[in-house]
Amino acid sequence: MLRRSLVWAILLLGVAFALGDGGYNINILDPATSNNREVSKLLWWVMGFAVVIFVVVIGAMTYIVLKFKKRGNEVGEPPQFHGNDRLEITWTLIPFLIVCVIFGLTARGMFEISQVPPDAMPVKVTAHLFWWDFEYPEQGIRTSNELILPVNRPVNFEITSNEAGPAKPVIHSFRVASLAGTQDAIPGIVTTRWFKPEKEGVYYGQCAELCGASHSNMRFRVIVVSQAEFDRFVQGAKAFQPPASTDAAVAKGQQLFNAQCTACHAINNTQYRSKIGPDLTFFGNRLTLGAGIWNNTPERLEAWIKNSPGMKPGSLMPPFPQLSAEDARSIAAYLESLKVEGLDFSKLPKF
Ligand code: CUA
């Protein structure tokens with residue numbers, strides 16, 4: 001019976017936790033950082049106690065009900081008695097000890113998680129309506145919505161929410177289920193959280209605090225790659241130049257982009273440095289579009305350029321109904337051409 005109830009519990013938990021998005025295997029029972037492993041350990045301890053208590057209580061109840069049930073011609077109430085000091089002390093003491101053990105394990109886990117390793121790489125996270133900005137102060141680069149990290153290096157996140165711009169500042173929450181718990185992004189305050197990713201892959205991130213119409217569309221990815229791949233990415237991003245294209249559509253797209261889009265969007269090593277909207281350097285390497293909502297395809301991008309709020313309620317990027325389909329296609333072609341050569345994140349496993 002014990003084994004069967006355990007199997008059922010694990011199956012149900014598996015279904016509940018494995019309901020990932022778009023092939024993402026989000027599974028809190030398979031932690032990918034030391035911090036999540038600490039939390040996962042606690043889960044197993046609590047589960048263990050719960051299963052033992054369940055079996056003892058249900059077992060005793062079943063035994064008593066069967067053994068002392070009414071038989072034959074018995075009439076009236078059974079003998080009444082109360083008070084058994086030994087029994088009462090036992091069933092008070094056991095739960096007390098269980099709570100003490102869980103308290104001790106929790107305190108230890110909290111201590112472990114709060115120790116930021118001295119060699120942690122800083123990353124500044126700014127939550128916007130409805131997208132994420134990431135700055136690497138050590139490397140002097142910036143990315144939006146897709147954060148690229150080296151494997152096995154601790155990262156310390158300094159998290160806040162954007163206060164500038166036309167919209168009222170609100171609280172968001174930074175959450176990558178497979179890597180760490182949630183950390184609120186609060187306007188005017190910097191909160192911190194660290195973790196060390198241990199497995200290469202693409203991790204699914206999601207805003208975890210109701211922040212407005214597109215709260216559920218405020219997603220991001222954390223892309224964990226080898227140190228060599230990360231170095232290549234940093235080099236490529238720092239030395240990035242929009243490719244001088246001979247393709248007429250791309251050249252036209254560049255012209256249109258520079259004229260219409262650069263009040264909000266930045267591209268490295270150009271005069272366009274605005275931080276109002278997401279950074280679009282190496283946009284061609286991006287897996288996703290619209291803050292992690294869709295796969296990055298030229299067709300989607302074209303539709304997004306023409307009518308972003310139509311695709312994502314509350315998006316602060318204005319629609320461009322006057323833009324011809326051909327011009328939108330040119331801008332999309334230009335953006336897809338912005339690439340750090342040799343980087344491909346599409347084959348990585350998804351968590
Ligand atoms: Cu940002 Cu919910």
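Where is aspartate 327 found? Aspartate 327 sits in helix α8; helices here are DSSP runs (H or I, at least four residues) and strands are runs of E with at least two, all numbered from the N terminus.

## Ground rules

This is a predicted model, where local features need pLDDT of at least 70, side-chain atom pairs count only at pLDDT 80 or more, and totals for chains, interfaces and linings use all residues. Residues are numbered from 1 along each chain as its sequence is written, and side-chain values use heavy atoms, with hydrogens and water left out.

Aspartate 327 has a relative accessible area of 16%, so it counts as buried (buried is under 20%, exposed over 50%, partly exposed in between, using a 1.4 Å probe and protein chains only). Once neighbours within four places in sequence are set aside, aspartate 327 is in contact with Lys252 and Leu256, where contact means heavy atoms within 4.5 Å.

Now for the helix pair itself. The axes of α5 (residues 248-260) and α8 (residues 325-336) come within 7 Å and cross at roughly 95°. Axes are lines fitted to C-alpha atoms, for helices over the stretch in contact, with angles running from 0 to 180 degrees between N-to-C directions. On the α5 side the contact uses Ala249, Val250, Lys252, Gly253, Gln254, Leu256 and Phe257, and on the α8 side Glu326, Asp327, Ser330, Ile331, Ala333, Tyr334 and Leu335. By class, that contact splits into eight nonpolar, three polar and three charged residues (Ala, Val, Leu, Ile, Met, Phe, Trp, Tyr, Cys and Pro count as nonpolar, Asp, Glu, Lys and Arg as charged, and the others, Gly among them, as polar).

## The α2/α3 pair

Helices α2 (residues 34-67) and α3 (residues 85-114) pack with their axes 9 Å apart, at an angle of about 170°. That makes them roughly antiparallel. Residues in this contact include Trp45, Val46, Phe49 and Ile53 from α2, and Ile98, Val101, Ile102 and Leu105 from α3. The class count for the α2/α3 contact is 11 nonpolar, three polar and four charged.

## The second largest pocket

The second largest pocket has a volume of about 350 Å³. A pocket is found on a 1 Å grid over the protein atoms alone, as an open set of points where a 1.4 Å probe fits, with protein on both sides within 12 Å along at least five of seven lines; lining residues have an atom within 4 Å of a point. Grid points are joined across faces, edges and corners, and the volume is the space filled by probe spheres set on the points.

The lining has 23 residues, with Arg286, Leu287, Thr288, Asn295 and Ser346 nearest the centre. Strands β9 (201-206), β10 (219-225) and β12 (294-295) are the elements giving two or more residues to it. By class, the lining has nine nonpolar, seven polar and seven charged residues.

Most residues other than glycine have a negative phi, and most peptide bonds are trans. The bond from leucine 129 to phenylalanine 130 is cis, with omega near -5°; phenylalanine 130 is in the loop between β1 (121-128) and β2 (131-136).

Phenylalanine 282, in the loop between α5 and β11 (288-289), has a positive phi of about 45° and is buried at 5% relative accessibility. Alanine 291, in the loop between β11 and β12, has phi near 60° and is buried too, with a relative accessible area of 3%.

Aspartate 279 lies in the loop between α5 and β11 and is buried, at 2% relative accessible area. Beyond its neighbours within four places in sequence, aspartate 279 is in contact with Arg142, Ser144, Ala266, Asn268 and Arg286.

Leucine 348, in the segment after α8, is buried at 18%. Not counting residues up to four places away, leucine 348 touches Glu200, Gly201, Val202, Ile223, Val224 and Val225. Valine 170, in the loop between β5 (155-161) and β6 (172-174), is partly exposed at 24%; its contacts, again leaving out residues up to four places away, are Leu129, Ser161, Ala185, Pro187 and Cys211.

How values were computed
Angles under 35 degrees count as roughly parallel, over 145 as roughly antiparallel, 65 to 115 as roughly perpendicular and the rest as oblique.
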